[in-house]
Amino acid sequence: MTNESSNRENEQPQSDPAAVEQTPVERMASTVYTQAGEAADAFRRGELMQNSQVDELADSDDRLIALLSYVTQLLLPVIMPLIVLLSESSKKRPFQRYHAVQSLALVLVFWLVFFAASVAIGILQIIPVLGWLVGAFALLCLTPMYFLGGIALMLYYGYQAYKGRRFAIPGLTSFLRDQNWLA
């Protein structure tokens, strides 16, 4: 055997990176990464909603239920959207269903972020002085701002829904559509 032929046998076949099939987890991670980037860009531009359009088929009852789906999250989280989604009439009322799913997902994301931040701050509080300072700052400054921002967003989205608008919340609505939870 010649030296040239033995080199060819030891070479690994070169594959085209574009031709490699991604696993479902890699596809989902790639999609989430793209959506998170788009959402961050939208928030940097000051957009709290995208693709806002008035739904001509939404009557006053639909708009009121959509408003309540957001606003009731402030006092009784999850209850109103679940009532809307479990009712038989929601199948006939896509505007109500759209906003109930979106408000339910928004409050779940809000509480997941709060829980993750609480765990991270709790871990940091193990450090004697620095941890206590971070905990005090989070408790006195960040937590009230976070909750006031959440209240403002729920009221804003509720008001927009009451005006009969069907809108996309950056990042969240595209994720819900990818999961086929929104039409």
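Predicted model: local features only at pLDDT ≥ 70, side-chain atom pairs only at ≥ 80, totals over all residues.
Residues are numbered from 1 along each chain as its sequence is written, and side-chain values use heavy atoms, with hydrogens and water left out. Local features need pLDDT of at least 70 and side-chain atom pairs count only at pLDDT 80 or more, whereas totals for chains, interfaces and linings use all residues.

The protein chain contains seven helices and two strands, taken as DSSP runs numbered from the N terminus (helices: H or I, at least four residues; strands: E, at least two). Their order along the sequence is α-α-β-α-α-α-α-β-α. Of the 183 residues, 26% are buried (under 20% relative accessible area, with a 1.4 Å probe and protein chains only). Of the contacts (heavy atoms within 4.5 Å) between residues at least 6 apart in sequence, 75% join residues at least 24 apart.

Helix α4 (residues 79-86) packs against helix α5 (residues 94-124), their axes coming within 9 Å and crossing at roughly 140°. Axes are lines fitted to C-alpha atoms, for helices over the stretch in contact, and angles run from 0 to 180 degrees between N-to-C directions. The crossing is left-handed (the near helix is turned anticlockwise from the far one by less than a right angle). Pro81, Leu82, Val84 and Leu85 of α4 meet Gln96, Arg97, Ala100, Val101, Ser103 and Leu104 of α5. Glutamine 73, in the loop between α3 (60-71) and α4, counts as buried at 4% relative accessibility. Beyond its neighbours within four places in sequence, glutamine 73 contacts Val78, Pro81, Ser103, Leu104, Val107 and Met154.

The structure has 13 aromatic pairs, defined by ring centres of Phe, Tyr and Trp (its six-membered ring) within 6.5 Å; planes under 30 degrees apart count as stacked, over 60 as edge-to-face and the rest as tilted. One of these pairs, tyrosine 157 with phenylalanine 167, is stacked, at 5.3 Å centre to centre and 20° between the planes. Because tyrosine 157 belongs to helix α6 (residues 128-162) and phenylalanine 167 to strand β2 (residues 165-168), the pair ties together parts ten residues apart in sequence. Tyrosine 157 is buried at 1% relative accessibility, and phenylalanine 167 is buried at 1%. Elsewhere, Phe110, Trp111, Phe114, Tyr146 and Phe147 are linked into a cluster by ring pairs.

Charged groups also sit over rings (NZ of Lys or CZ of Arg within 6 Å of the ring centre and within 35 degrees of the ring normal). The charged end of arginine 63 is 5.6 Å from the ring centre of tyrosine 162, and arginine 166 lies over the face of tyrosine 98 at 4.8 Å from the ring centre.

Technical notes:
Buried < 20%, exposed > 50% of the residue type's maximum accessible area, 1.4 Å probe, protein only.
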